[in-house]
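User: Can you walk me through this one? I'd like to start with a helix and then look at charged side chains.

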Amino acid sequence: MIAQAPQSATQAPDEVEMQIRGLMMDPVTNMPIIVLKDIASDTVLPIWVGIFEANAIALELEKTATPRPMTHDLMQNMARNLNAEVRKVVVSELREDTFYAVIWMDHAGETVAMDARPSDAIALALRWDCPIYVNREVLENSRQAAAGAQTVNADEMRRWLENLNDDEMGRYKM
C-alpha cells in the first residue's frame with residue numbers, strides 16, 4: 001500500500017527510537033530473531049523473522065558486498081533513481097501476533113508512507129542509515145501478549161533478552 005501521509009518523517013511523540021541489539025536464533029523454534037532495543041532504556045522488542053529476511057539484515061550488518069544487488073539493495077537503488085529517500089521506518093502495529101511496519105519516504109516534496117513487513121523495513125533502514133522507531137502501543141501490546149502467553153513468562157523473557165551477552169547475540173552485534 002502506498003499513501004501520501006500528512007505526518008512528517010520525523011519522530012512522532014508516540015514513537016520510541018530503537019537500534020538493532022542483535023540478530024540471533026530462537027533456541028526453541030530455531031527461527032531468527034531481530035532484537036530491537038530502546039536507545040534510551042533497557043526495553044527490548046524481539047521480532048521473529050524468516051531466514052531469508054534475517055540473511056538480508058545480516059549481510060548489511062556485516063557490510064558484506066554481494067556480486068549482484070539483493071532485493072533490498074535493488075529497492076534502495078530504485079528509490080534513489082526515482083529521487084526518493086527513506087527517512088525512517090516504524091514498527092507501527094501488532095495485530096494477532098503479527099507485527100506491521102511503515103516505511104516513510106520523501107519523494108518530490110511529499111512524504112509517502114508504504115506498508116511493509118518489519119524485516120523489510122529494517123533491512124531498508126540499515127541500507128539508508130535511517131532511524132528505526134517502534135510505536136509505544138506496540139511495545140505495550142507486545143508486553144501484554146507475552147504476559148498472556150502460557151508457555152512464556154514475560155518477565156523471564158524480558159530479563160533473558162535484556163541480559164544477553166555479545167556472545168549469545170551471535171556475530172551480528174551493533
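Predicted model: local features only at pLDDT ≥ 70, side-chain atom pairs only at ≥ 80, totals over all residues.

User: Which residues of α2 are buried?

Analyst: Helix α2 spans residues 71-81, and its buried residues are H72, D73, Q76 and A79. Looking down the axis of α2, these fall within an arc of 125°, so they line one face of the helix.

User: And what sits on the face turned away from the buried side?

Analyst: That face of α2 carries the exposed residues T71 and N81.

User: What covers the buried residues of α2?

Analyst: The cover includes two helices, α1 (51-61) and α3 (118-128). It also includes strands β5 (84-95) and β6 (98-107).

User: What about the phi of N83?

Analyst: N83 follows α2, and its phi is positive, near 60°.

User: New topic. Where is D38?

Analyst: D38 is in strand β3, residues 32-38.

User: Is D38 buried or exposed?

Analyst: D38 is buried, yet it has no salt bridge. The nearest side chain of opposite charge is R136, 6.0 Å away. A salt bridge needs the nitrogen and oxygen within 4 Å.

User: Then which backbone nitrogen lies 2.8 Å from a polar atom of the D38 side chain?

Analyst: The one of A40. Leaving out residues up to four places away in sequence, D38 touches V16, E17, M18 and T43.

User: How many salt bridges in the whole structure?

Analyst: The search finds 9.

User: Pick one. What does E53 pair with?

Analyst: R117, with the closest N and O atoms 2.9 Å apart. E53 lies in helix α1 and R117 in the loop between β7 (110-116) and α3, so the pair ties together parts that are 64 residues apart in sequence. E53 is buried, at 15% relative accessible area. R117 is partly exposed, at 44%.

User: And K63, which side chain does it meet in a salt bridge?

Analyst: K63 meets E60, at 3.0 Å from N to O. K63 is exposed, at 62% relative accessible area, whereas E60 is buried, at 15%.

User: Which residues are linked with E60 and K63 in a network?

Analyst: D73 and R127. D73 is also one of the buried residues of α2.

User: Last one: what about R95?

Analyst: R95 forms a salt bridge with E93, with the closest N and O atoms 2.8 Å apart. R95 is partly exposed, at 38% relative accessibility. E93 is partly exposed, at 31%.

Definitions and conventions. Residues numbered from 1 in each chain as written. Heavy atoms only, no water. Buried < 20%, exposed > 50% of the residue type's maximum accessible area, 1.4 Å probe, protein only. Helix = DSSP H or I, 4+ residues; strand = E, 2+ residues; numbered from the N terminus. Arc of directions from axis to C-beta. Contact = heavy atoms within 4.5 Å. Lys, Arg positive; Asp, Glu negative; His and termini not counted. Polar contact = N/O pair within 3.5 Å; in protein donor to acceptor, adjacent residues only side chain to side chain.
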